[in-house]
Amino acid sequence: MNRVRPRPGRRSRTALLTALALVITFFMAACGGGPPPAPKAEDLDALYQEAKGEGEVIWFAPKPEAQMRPAIDAFEKKYPGIEVKYTNKKAPDLVTQLNVEQAADRVSFDVSNAGGLTVLPSQDMAAKVNWADYEVPSEQIFADDFVYVWAVPKVWAYNTEAVPESEAPASWQDLLGPRWDGGKLSVESRGSFMTVWAQDPSRGTDAGLDYASRLSKARPHYTENTTQSHTNIVSGQTPVGTDLINLVLEARAKGAPVAVAPVGPTNANKGYLFVPEGAPHPAGGRLLTAFLASEEGQAALVDTYNSVIPTKTDCTNADTNPVIGALCDAGVEWFSESDIEQYKKFSAFFPKVEEALGTDVN
């Protein structure tokens with residue numbers, strides 16, 4: 001069976017990052033000092049004045065900077081005197097780094113990202129913010145201190161040069177057909193593409209584990225993450241695989257032979273921003289987060305396939321939002337997270353999915 005050993009690699013990197021962060025943390029702690037006080041501003045105008053005094057805001061998120069650049073430019077134009085310093089960093093690494101830095105009262109960034117399995121560990125790290133004071137829409141405030149700013153729908157995609165549209169898999173059941181046996185499916189080994197089985201009332205986790213077990217018998221080509229699976233599909237190494245619609249749309253815009261397969265329903269994973277407790281520029285962190293949640297910030301994000309979409313299938317804005325449009329054109333229904341209890345359910349579900357897929361080998 002084609003099994004990967006993803007966990008040791010991830011653990012090794014995490015252990016190394018933690019060790020390095022500890023060394024840095026102890027060094028910084030020896031220098032003394034502590035985190036700056038929380039802003040006193042109770043509205044956006046006052047918040048801007050405090051943020052302008054800070055002069056910069058440091059933003060870490062798991063997105064290429066090119067995708068965030070339109071929003072960064074729009075923010076800096078609206079709020080002159082504040083420079084955004086952006087770093088593309090994976091969410092699990094953010095959790096590790098922030099945990100160590102907060103222990104030493106030396107947090108190095110102002111805006112962090114949470115989504116999927118990083119939501120629960122990020123809860124205790126987030127500063128307490130009344131986001132309504134800064135005009136964040138109530139439907140985008142999650143678990144009090146998180147702000148919903150974009151969705152990352154998980155899809156099945158196919159290489160259009162290898163698979164004609166008429167022969168693309170059209171359902172979860174189709175993927176179990178003999179045509180895709182023997183490494184023809186590129187599958188993200190952590191099982192996050194199975195999230196919808198824990199969300200859709202008509203499916204359920206037991207049925208999801210049974211499906212994952214049957215999928216494993218097709219001997220798919222496992223990848224450590226979805227980005228690697230996407231690369232395999234675009235290159236033609238595997239004709240079909242798990243993907244993110246944001247990556248599919250970006251690749252298609254550059255002429256790559258990739259399209260969304262009409263396999264559904266699926267999960268439209270919500271991405272949240274939060275300001276870490278102890279952030280060095282707390283006013284700037286709040287101002288940038290509020291801006292990205294606003295209509296102006298969303299307008300800057302939507303063209304790079306990063307924006308808020310409805311929690312459940314709704315094609316109303318299919319003509320103006322390319323992510324919604326692509327899902328609706330392919331006939332893919334979706335579910336997104338609606339409460340913190342669902343994230344607790346995911347934490348229990350995903351390890352079992354890995355076991356069913358056979359990717360939990362130690």
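Does T226 count as buried or exposed, and at what relative accessibility? At 10% relative accessibility, T226 counts as buried (buried means under 20% relative accessible area, exposed over 50%, partly exposed in between, with a 1.4 Å probe and protein chains only). This is a predicted model, where local features need pLDDT of at least 70, side-chain atom pairs count only at pLDDT 80 or more, and totals for chains, interfaces and linings use all residues. Residues are numbered from 1 along each chain as its sequence is written, and side-chain values use heavy atoms, leaving out hydrogens and water.

**View A. T226 and its contacts.** Look for T226 in helix 7 (residues 226-235); helices (H or I, at least four residues) and strands (E, at least two) are DSSP runs, numbered from the N terminus. Not counting residues up to four places away in sequence, T226 touches E188, R190, S192, T242, D243 and L244, where contact means heavy atoms within 4.5 Å.

**View B. F75 meets F291.** The structure holds 21 aromatic pairs: rings of Phe, Tyr and Trp (its six-membered ring) with centres within 6.5 Å, called stacked if the planes are under 30 degrees apart, edge-to-face if over 60 and tilted for the rest. The ring centres of F75 and F291 are 5.6 Å apart with planes at 65 degrees, so this pair is edge-to-face. F75 belongs to helix 3 (residues 65-78) and F291 to helix 9 (residues 282-293), so the pair ties together parts 216 residues apart in sequence. Both F75 and F291 are buried.

**View C. F142 meets Y272.** Here the ring centres of F142 and Y272 are 4.8 Å apart and the planes at 15 degrees, so the pair is stacked. Both F142 and Y272 are buried.
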